[in-house]
Amino acid sequence: SLYCVSFFTSYTPFHTASKHLDGKAVLDAIEVQQGILVERAENVYSFSHLTIQEFLTAQYIEDDQQQLDKLIVNHLVNDRWREVFLLVAGLKRSADKLLLTIEKQARTYIKGAKIKACFQEINNGASTMKGAYNHAAKRALFAYYIFDSSAALELARSLDSNLAHELSSSVSPHYDAEHTRNHELQDLMQYLTATLVMVKCKQSAIRVSKEVWTKIEERILAIN
C-alpha cells in the first residue's frame with residue numbers, strides 16, 4: 001500500500017498535483033467508490049475482480065516480446081494464466097508471431113521416441129475416420145479416444161465443431177497407452193494443453209494470417 005501511495009503522489013500525470021494530492025485518500029477512493037481495489041488485510045490490497053488483474057497483466061506484456069516469451073515458457077500450460085493469453089491475443093494487431101511462438105514451445109514437450117510412436121498411431125487412426133472433417137481435429141479426436149484426455153476432446157471440438165456426433169462412434173485403437181511412461185504421458189498432456197491454448201488464442205485474435213494458421217494447423221499432432 002505504501003508503494004501505491006507513493007505512486008499516486010509522484011507519478012506523471014499526478015506529479016504536477018502532488019503538493020495537493022493525498023495518495024492514501026486516492027487509494028481509499030479507488031477502494032470504496034470505484035470498487036477496483038479491495039483491502040484484504042491491513043495495507044494489503046488486491047483487485048476486486050480477477051478479470052481486471054488479468055486484463056492489466058495482458059496490457060502490460062502485450063507489446064513486450066521479452067515478457068511475452070517468459071509468459072509462454074513459464075505459464076503456457078498453467079490454467080490460471082489461460083485468460084491472460086487470450087487477452088494478449090485479442091490485443092495484438094496480428095497474432096501470427098504469438099501463435100508461432102506458442103507452437104514452438106508446445107513442440108518442446110514431444111521429443112521422446114514413445115511420444116512420436118503415439119503420434120504415429122494417432123495419425124494412422126485418424127486417417128481411417130470417415131467424414132469431411134478438419135484433419136487436425138480428427139487427430140485430436142483420436143488422441144482423445146486413446147488417452148481419454150479432456151484437453152484432446154476440447155481441442156477437437158475447437159478445431160471443428162461438427163465433430164460432436166463422432167463421440168458416439170466406436171473406435172478401437174491398437175496403441176497400448178500403458179507402454180508410455182508416466183513422464184512421457186505427462187509431456188503429451190502438456191502438448192495437448194499448450195496446443196489448445198494456441199487454438200483458443202487464434203479464436204480470440206483480431207487478425208491471423210490464413211497462410212500462417214493453415215501451416216500451424218497442418219502440424220498439430222502431425223508427424224514431422
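How many cavities of 30 Å³ or more does the count come to? The count comes to one. A cavity here is a set of points on a 1 Å grid over the protein atoms alone, where a 1.4 Å probe fits but cannot get out. Grid points are joined across faces, edges and corners, and a volume is the space filled by probe spheres set on the points.

Before you start: this is a predicted model, where local features need pLDDT of at least 70, side-chain atom pairs count only at pLDDT 80 or more, and totals for chains, interfaces and linings use all residues. Residues are numbered from 1 along each chain as its sequence is written, and side-chain values use heavy atoms, with hydrogens and water left out.

**Stop 1: the cavity**

Select Glu103, Arg107, Tyr191, Thr195, Met198, Ile216, Arg219 and Ile220. These residues line the largest cavity; lining residues have an atom within 4 Å of a point. Its volume is about 30 Å³. By class, the lining has four nonpolar, one polar and three charged residues. Ala, Val, Leu, Ile, Met, Phe, Trp, Tyr, Cys and Pro count as nonpolar, Asp, Glu, Lys and Arg as charged, and the others, Gly among them, as polar.

Which helix gives the most to this lining? It is α10, with three residues. Both α10 and α11 (210–219) supply at least two residues each. Helices are DSSP runs (H or I, at least four residues), numbered from the N terminus.

**Stop 2: α6 and α11**

Now select α6, residues 96–106, and α11. Their axes lie 10 Å apart, and the helices pack at an angle of about 15°. That makes α6 roughly parallel to α11. Axes are lines fitted to C-alpha atoms, for helices over the stretch in contact, and angles run from 0 to 180 degrees between N-to-C directions. Angles under 35 degrees count as roughly parallel, over 145 as roughly antiparallel, 65 to 115 as roughly perpendicular and the rest as oblique.

The crossing is left-handed: the near helix is turned anticlockwise from the far one by less than a right angle, and clockwise would be right-handed. Show Asp96, Leu99, Leu100 and Glu103 in α6; they meet Val212, Trp213, Ile216 and Arg219 in α11. Contact means heavy atoms within 4.5 Å. Five of these contact residues are nonpolar, none polar and three charged.

**Stop 3: α7 and α10**

Move to α7 (residues 113–126) and α10 (residues 182–204). Their axes come within 9 Å and cross at roughly 55°. The two helices are therefore oblique to each other. This crossing is right-handed. Lys114, Ile115, Cys118 and Phe119 of α7 touch Glu184, Asp187, Leu188 and Tyr191 of α10.

Definitions and conventions
1 Å grid on protein atoms, 1.4 Å probe; cavity = no way out; pocket = protein on both sides within 12 Å on 5 of 7 lines; lining within 4 Å.
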